[in-house]
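Here are my notes after going through the model you sent.

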Amino acid sequence: MEALVVIDVQNDFCPGGALAVAGGDEIVPIVNGLIERFDHVVLTQDWHPAGHSSFASSHSGKQPFETIEMSYGTQTLWPDHCVQGTKGALFHPDLVWTKGEIVIRKGFRKAIDSYSAFYENDHTTPTGLGGYLKERGIGKVTLVGLATDFCVAFSALDARKHGLDVTVQMDACRAIDLGGSLAAMTARMKEAGVILA
Ligand code: VGL
Ligand code: ZN
(Lines give C-alpha, C1' and ligand atoms only; values in the text may rest on other atoms or scores of the structure.)
(Ligands and ions follow the chains in the order given, each with its own letter.)
Protein backbone atom coordinates (compact mmCIF):
# COMPACT_ATOMS: atom_id res chain seq x y z
CA MET A 1 0.00 0.00 0.00
CA GLU A 2 1.00 3.51 -0.76
CA ALA A 3 0.47 6.87 0.96
CA LEU A 4 0.97 10.52 0.14
CA VAL A 5 2.69 12.36 3.00
CA VAL A 6 2.05 16.11 2.93
CA ILE A 7 4.72 17.87 4.98
CA ASP A 8 4.06 21.17 6.79
CA VAL A 9 1.92 23.04 4.22
CA GLN A 10 1.21 25.70 6.85
CA ASN A 11 0.67 29.45 6.74
CA ASP A 12 3.98 30.28 8.41
CA PHE A 13 5.91 28.51 5.62
CA CYS A 14 4.02 30.39 2.89
CA PRO A 15 4.54 34.00 1.69
CA GLY A 16 3.41 36.37 4.47
CA GLY A 17 4.24 33.78 7.14
CA ALA A 18 6.88 33.93 9.85
CA LEU A 19 9.28 31.53 8.11
CA ALA A 20 8.11 32.02 4.54
CA VAL A 21 9.54 29.66 1.94
CA ALA A 22 9.75 31.34 -1.50
CA GLY A 23 6.88 30.07 -3.64
CA GLY A 24 5.55 27.92 -0.78
CA ASP A 25 1.96 28.66 -1.74
CA GLU A 26 2.55 27.68 -5.39
CA ILE A 27 2.61 24.01 -4.46
CA VAL A 28 -0.89 24.01 -2.97
CA PRO A 29 -2.82 23.26 -6.21
CA ILE A 30 -0.28 20.55 -7.13
CA VAL A 31 -0.58 18.97 -3.68
CA ASN A 32 -4.38 19.11 -3.92
CA GLY A 33 -4.24 17.20 -7.22
CA LEU A 34 -2.08 14.52 -5.61
CA ILE A 35 -4.37 14.26 -2.57
CA GLU A 36 -7.21 13.47 -4.99
CA ARG A 37 -5.21 10.71 -6.70
CA PHE A 38 -3.86 8.88 -3.65
CA ASP A 39 -5.94 6.38 -1.68
CA HIS A 40 -4.22 7.24 1.61
CA VAL A 41 -3.10 10.66 2.77
CA VAL A 42 -1.03 11.59 5.83
CA LEU A 43 -0.23 15.19 6.81
CA THR A 44 2.33 16.65 9.18
CA GLN A 45 2.04 19.88 11.11
CA ASP A 46 4.98 21.71 12.67
CA TRP A 47 3.58 22.47 16.15
CA HIS A 48 5.80 24.37 18.58
CA PRO A 49 5.00 25.66 22.05
CA ALA A 50 5.70 29.39 22.59
CA GLY A 51 9.33 29.88 23.64
CA HIS A 52 10.48 26.76 21.75
CA SER A 53 14.23 26.09 21.88
CA SER A 54 14.52 26.29 18.07
CA PHE A 55 13.40 29.93 18.14
CA ALA A 56 16.22 32.52 18.03
CA SER A 57 14.07 34.63 20.38
CA SER A 58 14.60 32.00 23.09
CA HIS A 59 18.38 32.60 23.10
CA SER A 60 19.67 36.03 24.09
CA GLY A 61 21.93 37.61 21.49
CA LYS A 62 21.01 35.11 18.80
CA GLN A 63 19.47 35.95 15.44
CA PRO A 64 17.34 33.75 13.18
CA PHE A 65 19.37 31.46 10.90
CA GLU A 66 22.36 31.41 13.26
CA THR A 67 23.16 28.06 14.84
CA ILE A 68 23.54 26.84 18.40
CA GLU A 69 24.92 23.65 19.93
CA MET A 70 22.20 21.57 21.57
CA SER A 71 22.64 18.30 23.46
CA TYR A 72 21.69 16.48 20.23
CA GLY A 73 23.98 18.47 17.91
CA THR A 74 23.95 21.68 15.90
CA GLN A 75 20.56 23.36 15.67
CA THR A 76 19.64 26.15 13.26
CA LEU A 77 17.67 28.90 14.99
CA TRP A 78 14.45 30.07 13.35
CA PRO A 79 12.08 32.99 13.65
CA ASP A 80 9.15 32.12 15.94
CA HIS A 81 6.89 29.99 13.72
CA CYS A 82 4.06 27.46 13.82
CA VAL A 83 3.21 28.24 17.43
CA GLN A 84 0.47 25.91 18.66
CA GLY A 85 -2.99 27.34 18.14
CA THR A 86 -1.92 30.33 16.04
CA LYS A 87 -3.01 31.14 12.49
CA GLY A 88 0.55 30.56 11.31
CA ALA A 89 0.37 26.95 12.43
CA LEU A 90 -2.81 26.23 10.43
CA PHE A 91 -2.68 24.51 7.06
CA HIS A 92 -2.73 26.87 4.08
CA PRO A 93 -6.40 27.86 3.63
CA ASP A 94 -6.55 26.41 0.08
CA LEU A 95 -5.08 23.04 1.04
CA VAL A 96 -7.76 20.36 0.69
CA TRP A 97 -6.67 18.38 3.75
CA THR A 98 -9.99 16.76 4.68
CA LYS A 99 -9.05 13.40 3.14
CA GLY A 100 -6.09 13.08 5.50
CA GLU A 101 -6.28 9.94 7.64
CA ILE A 102 -3.87 11.15 10.31
CA VAL A 103 -2.09 14.40 11.15
CA ILE A 104 1.31 13.93 12.76
CA ARG A 105 2.33 16.89 14.88
CA LYS A 106 6.00 17.42 15.59
CA GLY A 107 8.26 19.84 17.43
CA PHE A 108 5.96 20.04 20.45
CA ARG A 109 8.71 19.24 22.97
CA LYS A 110 10.18 22.54 24.07
CA ALA A 111 13.78 21.34 24.32
CA ILE A 112 14.07 19.59 20.96
CA ASP A 113 13.29 20.48 17.35
CA SER A 114 11.82 18.05 14.87
CA TYR A 115 12.35 18.26 11.11
CA SER A 116 11.58 14.66 10.24
CA ALA A 117 8.05 13.30 10.32
CA PHE A 118 9.51 10.14 11.89
CA TYR A 119 12.03 11.26 14.54
CA GLU A 120 12.86 14.43 16.39
CA ASN A 121 16.26 16.02 15.80
CA ASP A 122 17.96 13.69 18.30
CA HIS A 123 17.19 11.00 15.68
CA THR A 124 15.85 8.70 18.44
CA THR A 125 12.59 10.18 19.77
CA PRO A 126 9.88 8.78 17.48
CA THR A 127 6.76 10.65 16.36
CA GLY A 128 4.88 7.37 15.87
CA LEU A 129 4.58 7.67 12.09
CA GLY A 130 6.90 4.72 11.45
CA GLY A 131 4.78 2.41 13.57
CA TYR A 132 1.57 3.79 12.11
CA LEU A 133 2.62 3.14 8.52
CA LYS A 134 3.91 -0.33 9.40
CA GLU A 135 0.71 -1.28 11.19
CA ARG A 136 -1.33 0.03 8.25
CA GLY A 137 0.73 -2.04 5.81
CA ILE A 138 1.96 1.01 3.91
CA GLY A 139 5.33 0.28 2.31
CA LYS A 140 5.60 3.11 -0.16
CA VAL A 141 5.37 6.86 0.41
CA THR A 142 5.40 9.92 -1.80
CA LEU A 143 6.52 13.06 0.03
CA VAL A 144 5.58 16.63 -0.87
CA GLY A 145 5.53 19.93 0.99
CA LEU A 146 7.76 22.40 2.81
CA ALA A 147 10.60 22.72 3.04
CA THR A 148 12.43 20.46 0.57
CA ASP A 149 15.80 20.78 2.31
CA PHE A 150 14.60 20.47 5.92
CA CYS A 151 11.41 18.69 6.87
CA VAL A 152 10.83 16.95 3.53
CA ALA A 153 14.44 15.76 3.18
CA PHE A 154 14.85 14.54 6.77
CA SER A 155 11.50 12.75 6.50
CA ALA A 156 12.60 11.10 3.26
CA LEU A 157 15.89 9.91 4.81
CA ASP A 158 14.12 8.47 7.85
CA ALA A 159 11.49 6.83 5.65
CA ARG A 160 14.31 5.02 3.85
CA LYS A 161 15.72 3.97 7.27
CA HIS A 162 12.31 2.42 7.93
CA GLY A 163 12.71 0.40 4.73
CA LEU A 164 10.02 2.26 2.81
CA ASP A 165 10.09 2.98 -0.92
CA VAL A 166 10.34 6.76 -1.03
CA THR A 167 9.61 9.27 -3.77
CA VAL A 168 9.90 13.03 -3.31
CA GLN A 169 7.87 14.87 -5.92
CA MET A 170 10.06 17.93 -6.32
CA ASP A 171 7.56 20.13 -8.18
CA ALA A 172 5.30 19.92 -5.14
CA CYS A 173 8.07 21.08 -2.75
CA ARG A 174 9.87 24.38 -2.16
CA ALA A 175 13.18 24.92 -0.34
CA ILE A 176 14.56 27.32 2.27
CA ASP A 177 18.11 26.81 0.84
CA LEU A 178 20.30 27.99 3.69
CA GLY A 179 24.06 27.83 3.02
CA GLY A 180 23.77 25.26 0.24
CA SER A 181 21.32 23.08 2.15
CA LEU A 182 19.23 22.24 -0.92
CA ALA A 183 22.14 20.79 -2.89
CA ALA A 184 23.50 18.99 0.19
CA MET A 185 20.18 17.41 1.13
CA THR A 186 19.37 16.52 -2.49
CA ALA A 187 22.66 14.61 -2.66
CA ARG A 188 21.96 12.85 0.65
CA MET A 189 18.49 11.82 -0.52
CA LYS A 190 19.83 10.40 -3.81
CA GLU A 191 22.54 8.52 -1.93
CA ALA A 192 19.92 7.00 0.37
CA GLY A 193 17.88 5.73 -2.56
CA VAL A 194 15.14 8.33 -2.51
CA ILE A 195 13.55 8.77 -5.92
CA LEU A 196 13.41 12.46 -6.86
CA ALA A 197 10.58 12.86 -9.33
C1 VGL B 1 10.80 23.45 9.02
C2 VGL B 1 12.44 24.78 9.88
C3 VGL B 1 11.84 24.78 11.11
C4 VGL B 1 10.25 22.74 7.82
C5 VGL B 1 10.18 23.42 10.25
O6 VGL B 1 9.02 22.44 7.80
O7 VGL B 1 11.02 22.48 6.88
N8 VGL B 1 11.93 24.12 8.85
N9 VGL B 1 10.71 24.10 11.29
ZN1 ZN C 1 9.67 24.33 13.10
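1. Let's start with the ligand, bearing in mind that this is a predicted model. Ligand 1 is surrounded by Asp 8, Phe 13, Asp 46, Trp 78, Tyr 115, Leu 146, Ala 147, Phe 150 and Cys 151. Sorted by type, that shell holds seven nonpolar residues, two charged ones and no polar ones.

2. Two of the shell residues, Leu 146 and Ala 147, are worth a click for their backbone. The peptide bond from Leu 146 to Ala 147 is cis, and its omega is near -10 degrees. Most peptide bonds are trans. Ala 147 sits in the loop between β6 (140-146) and α3 (148-161).

3. Asp 8, also in the shell around ligand 1, has a phi near 50 degrees, which is positive in a residue other than glycine. You'll find Asp 8 in the loop between β1 (2-7) and α1 (28-37). Is Asp 8 buried or exposed? Asp 8 counts as buried, because it has 29 C-beta neighbours inside 10 Å and 20 or more is enough for that label.

4. Phe 65 has a positive phi too, near 80 degrees. Its place is the loop between β2 (41-46) and β3 (67-70). Phe 65 has 14 C-beta neighbours inside 10 Å, so it counts as partly exposed. For context, most residues other than glycine have a negative phi.

5. Now the sheet. Six strands make up an open sheet, ordered β5-β2-β1-β6-β7-β8, with parallel pairing. The edges belong to β5 (102-106) and β8 (195-196); each has a single partner strand, so one side of each lacks a neighbour in the sheet. On the β5 side, five bridges pair it with β2 in the parallel sense, and Val 42 has Ile 102 of β5 as its bridge partner.

6. What about β1? Five of its six residues are buried, so β1 is largely enclosed by the rest of the structure. β1 pairs with β6 over six bridges, in parallel, and Leu 4 is bridged to Thr 142 in β6. β1 and β2 also run parallel, joined by four bridges, with Thr 44 in β2 as the bridge partner of Ile 7. From β1 the chain crosses through α1 to β2, a right-handed β-α-β crossover.

7. Last, have a look at α3. This helix lies across β1, β6 and β7 (165-174), and runs at about 170 degrees to β7.

Notes:
Residues are numbered from 1 along each chain as its sequence is written. Chains are lettered from A and ligands numbered from 1 in the order in which they are written. This is a predicted model: local features need pLDDT of at least 70, side-chain atom pairs count only at pLDDT 80 or more; totals for chains, interfaces and linings use all residues. Helices (H or I, at least four residues) and strands (E, at least two) are DSSP runs, numbered from the N terminus. A residue is buried if 20 or more other C-beta atoms lie within 10 Å of its own, exposed if 12 or fewer, and partly exposed in between; C-beta atoms are placed from the backbone. A residue is near a molecule or strand if its C-beta atom, placed from the backbone, lies within 6 Å of it. Ala, Val, Leu, Ile, Met, Phe, Trp, Tyr, Cys and Pro count as nonpolar, Asp, Glu, Lys and Arg as charged, and the others, Gly among them, as polar. Two strands pair if DSSP finds at least two bridges between them. Two residues are in contact if their C-beta atoms, placed from the backbone, lie within 7 Å. Axes are lines fitted to C-alpha atoms, for helices over the stretch in contact, and angles run from 0 to 180 degrees between N-to-C directions. A crossover is right-handed if, with the strands pointing away from the viewer, the path from the first strand over the helix to the second runs clockwise.
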